[in-house]
Amino acid sequence: MRTVRPRAGSLAYYPRKRAKDIVPKYQSWPAYEGQPMLQGFAGYKAGMTHVIMIDDHKKSPTEGKEVMVPVTVIEIPPMTVAAIRVYVKDTYGKHPLTEVWAENTEALSGRITKAKTSGAAKATEKINAAIADVVEVMVLMYTKPTAVTGVPKKIPDLMEIRVAGGSMQDRFSYALSILGTEIDMKSLFAEGQFADISGITKGKGFQGAVKRFGITLRKRKHSRAKKTRHIGTLGPWHPHHVRWQVPMPGQMGFQQRTEFNKRIIKIGDNPADINPAGGFLHYGLVRNNYVLIKGSIPGPAKRLVRIRSATRMGEQKVQTPVVEFVSVQSKQG
């Protein structure tokens, strides 16, 4: 009797190749109608722990009772706004009109080559003249890895973050007001809010089809050519080529993944409240502001992760979690 079961391995993520950059990229941002604000932030993954909190999920069997919740700790030192970039749109799509750079960007000397003169006044004048054609206002922000002892890097990570809310003129005026300043995550997100977390997953190198797609090992009688960990067929005669749906060996991991609607449990500024005895495995001690995200997130410890306002939140209500205990027990085993 023929065994009937689902195919091995998801076809949702293709092509399965290495990410181009360690900084995740966003192609879309959530709609927002309020006052101008930034819609994203970034930090470095430290590890996981657990908290005891009051279950505030309506109609849950444990509603109003204490429950244990696994959380991921992300260290979030302040980010600096380095530049403003505005986009206009024509028949070929969106493209940058110009940029306004802050004067003090010495921290980016190892990341980019910046012009000797910023030309901020001239760029601002150009933007104001074409503000009617502007469709997007972005700011270029960079992280501060030198403040994070658990991450062995000194060159900042640079990324685009969208300014949303109000008219384009309001957005540009807001971006000018924060140009060159440090931004804290607590001014952008609130406890209990939902967010999308993006990161580059843990790389596993070149792997076979068994590990990469979870296909079944071939039986003894079917593997006389000593190919136990090989697929049984490369596909049909027609079409007369190997289709992309066939499980094949190749790169596994180190790909961008986004997890939607992750709840922010806590945003804190006292690392002693969450640092476990002996520090986090493969990371050490958190020494800056931190955020606790419910559940797991992509990537290993020390990896950059990006936090964006939720794009698929739906009808979920934001309410502040009541956290009664955070585990600081040693993770050393």
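Helices and strands are named here as DSSP runs, a helix (H or I) having at least four residues and a strand (E) at least two, with numbering from the N terminus. The model is predicted. In it, H2 is followed by Gly180, whose phi is positive, near 85 degrees.

Helix H2 itself covers residues 168-178, and its buried residues are Met168, Arg171, Phe172, Ala175 and Ile178. These residues lie on the same side of H2, because they cover an arc of only 130 degrees around the axis. The spacing follows from helix geometry: an α-helix has 3.6 residues a turn, so residues three or four places apart point the same way.

Helix H1 (residues 120-129) can be read in a similar manner. Ala120, Ala123, Thr124 and Ile127 are its buried residues. Because they cover an arc of only 100 degrees around the axis, they sit on the same side of H1. The other side of H1 carries the exposed residues Ala121, Lys122, Glu125 and Ala129. The cover over the buried residues of H1 includes strand E4 (79-90), strand E5 (93-101) and H2.

Leaving aside residues up to four places away in sequence, Ile84 touches Thr98, Glu99, Val100, Val137, Met138, Val139, Phe172, Ala175, Leu176 and Leu179. Among these contacts, Phe172 and Ala175 are buried residues of H2.

Nonpolar side chains also occur on the surface. Leu11, Tyr14 and Trp244 form a patch there, with about 290 Å² of accessible area together. Trp244 belongs to the loop between helix H3 (209-213) and strand E11 (250-252).

Charged pairs come next, and the structure holds 12 salt bridges. One of them joins the side chains of Asp21 and Lys25, with 3.2 Å from N to O. Lys25 is partly exposed, at a relative accessible area of 44%, and Asp21 is also partly exposed, at 35%.

Another salt bridge brings together the side chains of Lys144 and Glu182, at 2.7 Å from N to O. This pair links distant parts of the chain, 38 residues apart: Lys144 is in the loop between strand E6 (134-142) and strand E7 (158-164), and Glu182 is in strand E8 (residues 182-183). Lys144 has a relative accessible area of 27% and is partly exposed; Glu182, at 47%, is partly exposed as well.

Asp196 and Arg308 form a salt bridge in which the closest N and O atoms are 2.9 Å apart. Here too the pair links distant parts of the chain, with Asp196 in strand E9 (residues 194-200) and Arg308 in strand E14 (residues 304-309), 112 residues apart. Buried means under 20% relative accessible area. Asp196 therefore counts as buried, at 0%, and so does Arg308, at 4%.

Finally, Lys94, Glu136, Arg162 and Arg171 are linked in a network of salt bridges. Arg171 in this network is one of the buried residues of H2.

How values were computed
Residues numbered from 1 in each chain as written. Predicted model: local features only at pLDDT ≥ 70, side-chain atom pairs only at ≥ 80, totals over all residues. Heavy atoms only, no water. Contact = heavy atoms within 4.5 Å. Patch = residues over 30% accessible without salt bridge, like charges linked within 9 Å, V, L, I, M, F, W, Y side chains within 5 Å. Areas by Shrake-Rupley, 256 points an atom, 1.4 Å probe, with all protein chains shown as cover. Salt bridge = Lys/Arg side-chain N within 4 Å of Asp/Glu carboxyl O. Buried < 20%, exposed > 50% of the residue type's maximum accessible area, 1.4 Å probe, protein only. Arc of directions from axis to C-beta.
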